[in-house]
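Visitor: I would like to learn how to read a structure like this one. Please show it and take me through some features.

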Amino acid sequence: MGAAELAEWRAYEQITGPLGGARSDMHAAIVAAAICAVNTPKGKTPRPPADFIPRWDRVRVRKTPEELFKQAMAAHTALGGQVNVRNN
């Protein structure tokens, strides 16, 4: 994968949340809930795994296409890529 494609994936991940799918989030939530459950005082209900799953859609990124492009180009440059600008 080249620097340009990596920069595009990085920008995409910042908009949509981490790549890897909901299954990884669920696995981590189950482990967190289990740890929480063994440390919950008697008589109290432990928190369910759903309480530990991040909601990536809560924060909406409201950026213009120009802002997103600028951010992608900055990431591309930071990773050693070059930006070629054509003036037509």
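Visitor: What is the mean pLDDT of the protein chain?

Guide: pLDDT is the predictor's confidence in each residue, from 0 to 100. Here the chain has a mean of 84, with 90% of its residues at 70 or more. This is a predicted model, where local features need pLDDT of at least 70, side-chain atom pairs count only at 80 or more, and totals for chains, interfaces and linings use all residues. Residues are numbered from 1 along each chain as its sequence is written, and side-chain values use heavy atoms, leaving out hydrogens and water.

Visitor: How many salt bridges does a search of the whole structure find?

Guide: A salt bridge is a side-chain nitrogen of Lys or Arg within 4 Å of a carboxyl oxygen of Asp or Glu. The search finds one. It joins the side chains of Arg 47 and Asp 51, at 3.6 Å from N to O.

Visitor: Is Asp 51 buried, partly exposed or exposed?

Guide: Buried means under 20% relative accessible area, exposed over 50%, and partly exposed in between (1.4 Å probe, protein chains only). Asp 51 has 42%, so Asp 51 is partly exposed. Arg 47 is partly exposed too, at 42%.

Visitor: Which residues does Ala 29 touch, not counting those up to four places away in sequence?

Guide: Contact means heavy atoms within 4.5 Å. Beyond those sequence neighbours, Ala 29 touches Pro 49, Phe 52 and Ile 53. Ala 29 is buried, at 1% relative accessible area. Between Ala 29 and Pro 54 there are 8.8 Å, C-alpha to C-alpha, although they are 25 residues apart in sequence.
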